Amino acid sequence: MAINNPPLKAAIIGGGVIGGGWVARFLLNGWDVAVYDPDPEAERKIAAVLANARRSLPALYDTALPAEGKLVFCGSVAKAVDGARWVQESAPEQLAIKHRILAEIQQYADKNAVIGSSTSGFKPSELQEGAARPGQIVVAHPFNPVYLLPLIEIVASKQSDKAFVAAACGILRDVGLKPLVVGKEIDAHIADRLLEAVWREGLWLVNDGIATTEEIDDAIRFGFGLRWAQMGLFETYRIAGGEAGMGHFIAQFGPALKWPWTKLMNVPELTPELIAKIAAQSDAQSGALSIRELERLRDDNLVGMMRALKKSGSGAGGTLNDHEKALSRNAPTADTHALPQTVCRQVPQSWADYNGHMNEAHYLEAFAQASDAFMALIGADDAYIASGKSFFTAETHLRHLAEAKAGDTITITTRVLLAQGKKMHLFHTLYGKDGSILATCETLLIHVDLTTRRACNPDAEVTRHLQEFGDAHAKLAKPDGAGRHVGQKNG
Ligand SMILES: NC(=O)C1=CN([C@@H]2O[C@H](COP(=O)(O)OP(=O)(O)OC[C@H]3O[C@@H](n4cnc5c(N)ncnc54)[C@H](O)[C@@H]3O)[C@@H](O)[C@H]2O)C=CC1
Ligand SMILES: C[N+](C)(C)CC(=O)CC(=O)[O-]
């Protein structure tokens with residue numbers, strides 16, 4: 001499915017914490033979005049979520065997201081769902097409210113639209129009770145923040161139509177999400193079953209005066225929380241069994257389940273005293289930051305962690321890599337300035353430094369991405385490198401002409417200055433959003449046999465493609481700044 005052509009429409013019914021995240025996820029992936037929420041404050045709250053999403057979601061990728069869709073706020077469900085391909089119910093977690101809203105959605109929505117519910121705990125069969133077309137409704141349970149975290153639990157009942165489940169998964173993948181189809185409907189699906197168990201134990205630890213909210217959070221974030229983000233529970237414990245593996249792990253730690261290590265199913269009563277105790281500890285722990293500041297801290301950390309996972313493709317990193325590939329396939333192919341555009345991306349927050357602009361190290365990173373993209377363009381792509389040949393960079397000269405700031409969109413064009421035998425001499429120009437030149441990079445790459453680690457000529461096809469670019473670019477005037485050395489006067 002094309003990601004952004006023509007613009008698709010999503011309707012979000014209920015624009016609170018989760019609805020706002022859905023708005024951002026669809027909008028920043030090029031969908032038009034219509035929102036219905038009776039709260040007069042909804043527009044302001046969604047604007048705040050969107051501001052945070054705009055500074056974090058694009059930072060996950062080394063390529064640009066599609067142009068943002070259009071956002072409208074509607075005065076009725078009927079207006080919001082009109083023409084929508086996806087309708088997401090994100091109203092309060094009360095079955096009666098959800099039934100009322102789903103009935104209204106089905107009255108006005110296209111019969112082929114997917115209707116997802118964000119419910120954290122209700123089974124799809126419960127949501128479908130009394131529905132005009134039960135098969136159209138699926139649980140699409142997201143995780144906060146919806147614009148960054150890829151997991152969506154897709155839960156169907158016996159009445160659900162498989163075609164809608166398949167369509168739901170396809171659409172969610174297109175907007176960068178990871179649909180996990182839950183095989184059997186149960187209360188609270190998979191993830192919230194797990195979360196509730198940890199939450200229950202946490203409440204007991206505070207209730208019994210054993211640990212504060214901060215100590216419990218430390219127990220998670222300094223240890224197993226880091227492991228869970230990349231390997232989950234079972235893969236982590238498999239390693240904990242040492243070379244003897246999972247069988248040995250269970251033999252050793254299985255009996256502990258019957259020792260008093262857990263409170264099992266007992267739930268502490270949420271008395272006013274316990275709630276006040278937790279709220280006071282939470283204020284002492286995190287009250288110095290506003291919710292929006294905490295969200296930005298969370299988002300920057302999530303972006304950093306998820307970007308790190310891209311390297312190995314573990315967990316969320318694999319989803320990002322798949323989405324990035326799809327985004328690159330759908331990126332505009334038009335040349336800018338008559339040269340191939342080899343980079344189009346946002347400057348992530350993490351690239352800004354103490355001077356409040358993009359740090360010099362990341363100019364080289366962006367230009368290296370341009371060289372990689374140009375290599376792919378001439379056929380020196382992943383398959384070529386896997387066959388044992390590549391280019392190594394021998395020399396680079398960077399010029400910094402104007403500032404790029406976090407959140408800015410930057411593009412790079414690539415020009416061949418010389419294509420001769422094993423030599424590939426490139427000149428990259430980095431532009432800001434207004435088309436002004438922010439930096440240039442002149443770089444010499446040498447073709448190498450990866451088995452001998454020695455220079456050699458590229459394969460015939462790569463040579464031919466490179467030569468074609470070289471011949472075309474030789475007709476252009478020499479770029480300003482080419483051949484400069486450090487300290488040279490302008491002019
Ligand atoms: N907050 C969380 O961490 C998560 C929540 N969810 C689920 O998402 C759903 C929404 O939860 P939150 O966003 O947290 O709640 P919320 O309270 O932040 O937002 C609910 C929104 O629904 C609106 N609303 C109330 N009546 C409505 C109606 N008749 N029609 C349309 N909108 C209406 C409210 O004005 C409010 O803006 C729930 O089903 C919840 O279980 C799912 C994943 C995580
Ligand atoms: C607390 N909660 C049950 C609403 C949480 C979720 O449903 C998922 C999440 O984002 O943690």
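**Exercise 1. Where is S157 placed in the chain?**

*Solution.* A word on conventions before we start: this is a predicted model, in which local features need pLDDT of at least 70, side-chain atom pairs count only at pLDDT 80 or more, and totals for chains, interfaces and linings use all residues. Residues are numbered from 1 along each chain as its sequence is written, chains are lettered from A and ligands numbered from 1 in the order in which they are written, and side-chain values use heavy atoms, with hydrogens and water left out.

Step 1: find the elements on either side. S157 sits in the loop between β7 (151-155) and α6 (162-174). Helices (H or I, at least four residues) and strands (E, at least two) are DSSP runs, numbered from the N terminus.

Step 2: check the accessibility. S157 counts as buried, at 11% relative accessibility. Buried means under 20% relative accessible area, exposed over 50%, and partly exposed in between (1.4 Å probe, protein chains only).

Step 3: list the partners. Leaving aside neighbours within four places in sequence, S157 is in contact with P124, S125, Q128 and E185; contact means heavy atoms within 4.5 Å.

Step 4: A polar atom of the S157 side chain lies 3.0 Å from the backbone nitrogen of Q159. A polar contact is a pair of N or O atoms within 3.5 Å; within protein, one must be able to donate a hydrogen and the other to accept it, and residues adjacent in sequence count only if both atoms are side-chain atoms.

**Exercise 2. Compare I18 and G19, two residues of an annotated site.**

*Solution.* Step 1: read the record. The UniProt annotation "binding site", from an unreviewed entry, covers G14, G15, G16, V17, I18 and G19. UniProt positions are given in the numbering used here, feature names are shortened, and annotations may be inferred rather than shown by experiment.

Step 1: compare accessibility. I18 is partly exposed, at 22% relative accessible area, whereas G19 is buried, at 0%.

Step 2: compare contacts, not counting residues up to four places away in sequence. I18 touches S90, S118, P142, N144 and V146, while G19 touches I12, G14 and S90.

**Exercise 3. Examine the backbone at P145, H189 and R453.**

*Solution.* Step 1: begin with omega. The peptide bond from N144 to P145 is cis, with omega near 5°, and P145 lies in the loop between β6 (137-141) and β7.

Step 1: turn to phi. H189 is a residue other than glycine, yet its phi is positive, near 55°. R453 is not a glycine either, and its phi is about 60°.

Step 2: H189 is in the loop between β8 (178-182) and α7 (191-207) and counts as buried, at 0% relative accessibility. R453 lies in the loop between β13 (437-449) and β14 (454-455) and is exposed, at 53%.

**Exercise 4. Which residues make a nonpolar surface patch?**

*Solution.* Step 1: name the members. V198, W228, L233, F234 and Y237 make a nonpolar patch of about 460 Å².

Step 1: inspect one member. Y237 lies in helix α9 (residues 234-240) and is partly exposed, at 33% relative accessible area.

Step 2: consult the record. UniProt places "domain: 3-hydroxyacyl-CoA dehydrogenase C-terminal", from an unreviewed entry, at residues 190-256. That span is 78% helix and 0% strand, and its end C-alpha atoms lie 23 Å apart.

**Exercise 5. Describe the setting of N321.**

*Solution.* Step 1: N321 is found in helix α13 (residues 316-330) and is partly exposed, at 24% relative accessible area.

Step 1: N321 is in contact with K310 and G313, leaving aside neighbours within four places in sequence. The N321 side chain reaches the backbone oxygen of K310 at 3.0 Å.

Technical notes:
Patches are made of residues with over 30% relative accessible area and no salt bridge: like charges are joined within 9 Å, nonpolar side chains (Val, Leu, Ile, Met, Phe, Trp, Tyr) within 5 Å. Accessible areas come from the Shrake-Rupley method with a 1.4 Å probe; for residues, only the protein chains shown count as cover. A salt bridge is a side-chain nitrogen of Lys or Arg within 4 Å of a carboxyl oxygen of Asp or Glu.
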